[in-house]
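Below is a note for a colleague who is meeting this structure for the first time. Please keep the sequence and the model open while reading the numbered points.

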Amino acid sequence: NEECVAMVELATNNLVRWFNDVGMTPNTSKSEILPIGSTIGPIATDAGTVQPRTSVRFLGINLQSDLKWNDQCEVIASKLRRIAGKIRAHGRDLSVENRLILYRSWAEGTLRSNGSCYLPYLNRTQLDMLQRAANAAIRATAGVRKYGVWNVGEFRRERSVCSIEQL
């Protein structure tokens, strides 16, 4: 682990020197290090100290040091539940077809924007969590109650709405 930390410090200081050479000032308070599969302490550089993180957001994806997708799934599921509320609020006076446009734009857009990066690697529990959140948005689209018996699958088939696994 000490050799790994020494290599990270060397690479980080090389990056700081490059920033200085091109006339830029590195901001260590906004810099992040994600140690994969290990834990390390703060990394001292010529420009300041960089704190290691267990999770970072990069290009819209939440990466975790243990290489799992739990954080990403929780963020997307939360977004989908918020989208369900937005569809209920903004689509109150719209037809089902117009609410379906909102669903496809907001919910499917959220899932498709970077889903190819993480969806193929999710386990059954994570897929189920995302499907339940997407179903909340589908229920809002159909204009049915949040809870109770209702066949979401039939609505999806009739309207050609993909399930999480079909995306």
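1. In what follows, a residue is called buried when its relative accessible area is under 20%, exposed when it is over 50%, and partly exposed in between, with a 1.4 Å probe and protein chains only. The face of α2 turned away from its buried side carries two residues that are exposed in this sense, R82 and H90. Helices (H or I, at least four residues) and strands (E, at least two) are DSSP runs, numbered from the N terminus.

2. The model is a predicted one, in which local features need pLDDT of at least 70 and side-chain atom pairs count only at pLDDT 80 or more, while totals for chains, interfaces and linings use all residues. Residues are numbered from 1 along each chain as its sequence is written, and side-chain values use heavy atoms, with hydrogens and water left out.

3. To stay with helix α2, its 21 residues reach 30 Å from the first C-alpha to the last, close to the 30 Å expected at 1.5 Å a residue, where the expected span is 1.5 Å times one less than the number of residues. The buried residues of α2 are Q72, C73, I76, A77, L80, I83, A84 and I87. Seen down the helix axis, these buried residues fall within an arc of 125 degrees, so they line one face of α2; the arc is that of the directions from the helix axis to the C-beta atoms. What covers them includes β4, α3 and α4 (124–142), with contact taken as heavy atoms within 4.5 Å.

4. Helix α1 can be read in a similar way. Its 20 residues should span 28 Å at 1.5 Å a residue, and its end C-alpha atoms are 28 Å apart, which agrees. In α1, T12, N13 and V16 are buried, and because the buried residues fall within an arc of 100 degrees when seen down the axis, they line one face of the helix. On the other side of α1, E3, M7, L10 and D21 are exposed, whereas the cover over the buried residues includes β1. Just after α1, G23 takes a positive phi of about 85 degrees.

5. The loop between α1 (2–21) and β1 (43–45) holds I33, which counts as buried because its relative accessibility is 15%. Leaving aside neighbours within four places in sequence, I33 is in contact with V8, T12, I40, I43, V50, Q51, P52 and R53. The C-alpha atoms of I33 and S55, which are 22 residues apart along the chain, are separated by 9.2 Å.

6. Strands β3 (residues 55–58) and β4 (residues 61–64) pair in the antiparallel sense over four bridges; two strands are said to pair if DSSP finds at least two bridges between them. The bridge partner of F58 in β4 is I61. The two strands form a hairpin with two residues between them, and in the turn L59 has a positive phi of about 55 degrees.

7. N114 is found in α3 (residues 96–118) and counts as buried because its relative accessibility is 11%.

8. A search of the whole structure finds three aromatic pairs, where rings of Phe, Tyr and Trp (its six-membered ring) pair if their centres lie within 6.5 Å, with planes under 30 degrees apart counted as stacked, over 60 as edge-to-face and the rest as tilted. Among them, the rings of W18 and F19 have centres 5.4 Å apart and planes at 80 degrees, so this pair is edge-to-face. The rings of W69 and Y118 have centres 6.1 Å apart and planes at 40 degrees, so this pair is tilted. Because W69 lies in the loop between β4 and α2 (70–90) and Y118 in helix α3, the latter pair ties together parts that are 49 residues apart in sequence. W69 counts as buried at 16% relative accessibility, and Y118 counts as buried at 0%.

9. With a disulfide taken as a pair of cysteine sulfur atoms within 2.5 Å, the count comes to zero. The sulfur of C117 is 13 Å from the closest cysteine sulfur, in C73, which is too far for a bond.
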